[in-house]
Amino acid sequence: MSVNRMRRIFLLIFSLAVIPLSVLPAAALWGLGEDRSLVTVNDDRLTEADFRGWWKEWREEGMVPPADPDAYIDWTLLWREAEKMQLYEKDSYRRKVDVFLKVWSLMQLKQEEVDGKIPEPGRADLWQAYVNEYAPKVRLRMVRIPDEKKVAAMRGALDRGQSLRDASNAAGGVSVADYMEDSGWLRPFKIPAVLRTAVLEVPVGEKIGPVYWEAAWYFLEVLGREEAKEDDFLKYRDVLTRKWQKQWSATLTTELVEKAKAKYRVSVNAKVIQAIGPVPTSPEMAEWPAITFGDEVITVSALEPLLRKEQATKPSEAFTVLREQVVNDLLAQTLTGLEAMDRHYENRPPFKSTFEFYKQHRLIKELESELFWSQANVTEEEIRDEYLRHPDRYSAGGRVELTHVETREKELAHKVWKKIANGEDFYAAMKPLVPGEIHPETIPLNHLDEKIRKHLDDMAPGEVKRWEEADGEIVFIKLVRRELSSPRPLDEVSGTIREALRQKRFEELRTRFVQELRKRSTIKTNDKAWESLHHQLLKEEGADAKS
């Protein structure tokens with residue numbers, strides 16, 4: 001090593017040693033002097049982690065990472081503007097955020113205390129459930145005797161060796177509805193419990209009875225029997241697993257509710273609840289306390305409408321059963337709701353980032369309602385004018401012949417478009433993008449993807465168009481010919497036209513507003529950091545697609 005190089009190294013070490021640590025940024029201490037912020041929007045210094053969190057919530061099925069951070073910047077500008085306008089004070093905002101928080105908190109509680117605690121069933125557990133509900137399966141011959149006087153005669157005929165049919169005739173006969181020659185194969189869970197107990201251990205050919213069930217006496221003969229088998233078990237394993245999980249879910253939910261009853265000091269006034277009968281209660285009972293949760297009281301007047309609604313839904317159900325069910329459901333819903341909110345999932349991962357995104361996005365929706373949708377008015381004259389200028393959009397049918405090519409190769413797409421603009425044949429110019437042959441296709445208008453159809457509206461036969469979608473996909477279209485059928489009457493499509501024009505006006509207003517926000521804002525993008533992040537996201541996208 002040269003003397004000069006050693007001197008330079010010594011000076012560098014010495015200079016670092018004499019600079020107080022307090023004046024060195026943390027990044028410099030580790031040799032990371034580069035600013036790793038991704039985008040700065042006014043006072044918001046947004047990082048890669050911020051963008052990833054936004055993208056995770058923003059993206060929909062089929063979306064790919066955007067080519068630039070513009071949508072994220074616009075989104076940030078809009079919610080910050082809504083915040084300045086204090087739109088979080090609006091009742092509509094508060095209601096929607098409150099409902100979202102409650103629903104998601106319940107989901108988090110269910111995952112934490114129920115779903116996340118359900119164990120994986122072992123084979124022995126599932127096999128036991130299988131032999132309880134699915135094996136053995138049997139075929140039965142059955143006679144139902146509703147008249148007790150015939151039972152002894154029936155049993156006596158069977159003891160003398162007669163068949164079920166002959167014995168039933170000897171006992172005085174039965175109706176067609178009371179005799180079943182062959183039930184077909186029945187699983188244990190399909191057979192009523194009292195009959196199941198009687199037949200499952202009986203060998204083939206044996207006749208048993210009488211067995212009393214639901215106001216009649218049954219005589220049965222086992223015609224066939226198949227014991228538990230491995231291949232049969234495997235066929236039902238998934239069903240058995242789901243049943244296992246459902247049973248565990250019910251058990252864990254009950255445990256959660258019981259713990260919550262103690263925590264929230266629940267008291268159920270049984271005398272008051274029993275006083276609520278199948279007919280409306282007297283006015284003086286209205287304010288009687290039926291259930292208390294600490295300092296909160298649910299009165300008869302609050303409970304009774306739930307009971308009457310359940311009565312109307314299940315008129316044949318015993319009222320005492322309905323009453324107990326309504327009280328239990330009310331307790332479960334109220335207590336799990338209280339417990340979910342008390343855990344404040346919105347302050348910790350994984351729900352924290354989702355909740356923050358929702359609040360910001362909800363602010364944007366309030367701003368859009370206040371500034372854009374309220375101004376996106378459409379007159380009857382505008383509807384009529386749109387209808388007359390674009391009859392093909394509102395025809396009952398019709399079809400187009402076209403060729404379209406989609407690509408994400410931006411540089412190559414630019415070269416191809418330049419060739420087309422200079423007069424080269426469309427199909428010849430497309431060769432670099434589509435090495436094989438491409439041909440026009442005829443498609444019904446109502447089957448066209450909306451992203452293509454809206455560009456075709458003002459195209460003439462032979463014309464070529466190119467555009468880039470929000471997800472970075474570049475689309476080429478060549479219209480060959482168009483065949484239209486008669487347009488539908490204006491009164492049939494006026495509603496559709498109104499909504500389309502309102503949507504278009506909304507988008508124009510929104511675009512102009514965002515442009516104004518951008519003009520009066522300070523926006524800086526770290527291009528190097530963005531390129532690195534974009535490359536990582538595309539790489540991750542490819543890995544996810546392969547998996």
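Me: In this predicted model, by what part of a helical turn or how many turns are D98 and K102 of helix 5 separated?

Reply: D98 and K102 stand four residues apart in helix 5 (residues 91-113), so about one helical turn separates them. The general idea is that side chains of opposite charge can pair when their charged atoms come close. In this case the side chains of D98 and K102 meet in a salt bridge, at 3.2 Å from N to O.

Me: Are D98 and K102 buried, partly exposed or exposed?

Reply: D98 has a relative accessible area of 31% and is partly exposed. K102, with 41%, is partly exposed as well.

Me: Which residue forms a salt bridge with R52?

Reply: The partner of R52 is E540, and the closest N and O atoms of the two are 2.9 Å apart. R52 belongs to helix 3 (residues 48-58) and E540 to helix 21 (residues 527-546), so this pair ties together parts that are 488 residues apart in sequence. R52 counts as partly exposed at 26% relative accessibility, and E540 counts as partly exposed at 35%. Under the rule applied here, the model has 51 salt bridges.

Me: Which residues are linked with E112 in a network of salt bridges?

Reply: The network joins E112, E113, K117, K263, E339, D342, R343 and R348. Within it, the side chains of R343 and E112 meet in a salt bridge of 2.6 Å, N to O. This pair links distant parts of the chain, 231 residues apart: R343 is in the loop between helix 14 (319-342) and helix 15 (351-372), while E112 is in helix 5. R343 is partly exposed at 21% relative accessibility, as is E112 at 32%.

Me: What is L38 in contact with, beyond its neighbours within four places in sequence?

Reply: With those neighbours set aside, L38 contacts L46, T47, E48, F51, K524, T525, N526, A529, W530 and L533.

Me: How is the packing of two helices described, and at what angle do helix 16 and helix 20 cross?

Reply: Two packed helices are described by the angle between their axes and the distance between the axes. The axes of helix 16 (residues 380-389) and helix 20 come within 9 Å and cross at roughly 105°. Helix 16 is therefore roughly perpendicular to helix 20. From helix 16, E380, E382, I383, R384, E386 and Y387 meet L490, V493, S494, I497, R498, L501 and R505 of helix 20. By class, the residues of this contact are six nonpolar, one polar and six charged.

Me: Is T299 buried or exposed?

Reply: T299 is found in strand 9 (residues 296-299). Buried means under 20% relative accessible area, and T299, at 14%, therefore counts as buried. Beyond its neighbours within four places in sequence, T299 is in contact with A286, E287, W288, P289 and A290.

Definitions and conventions
Residues numbered from 1 in each chain as written. Predicted model: local features only at pLDDT ≥ 70, side-chain atom pairs only at ≥ 80, totals over all residues. Heavy atoms only, no water. Salt bridge = Lys/Arg side-chain N within 4 Å of Asp/Glu carboxyl O. Buried < 20%, exposed > 50% of the residue type's maximum accessible area, 1.4 Å probe, protein only. Contact = heavy atoms within 4.5 Å. Axes fitted to C-alpha atoms, helices over the stretch in contact; angles between N-to-C directions. Parallel < 35°, antiparallel > 145°, perpendicular 65-115°, else oblique. Nonpolar A, V, L, I, M, F, W, Y, C, P; charged D, E, K, R; others polar.
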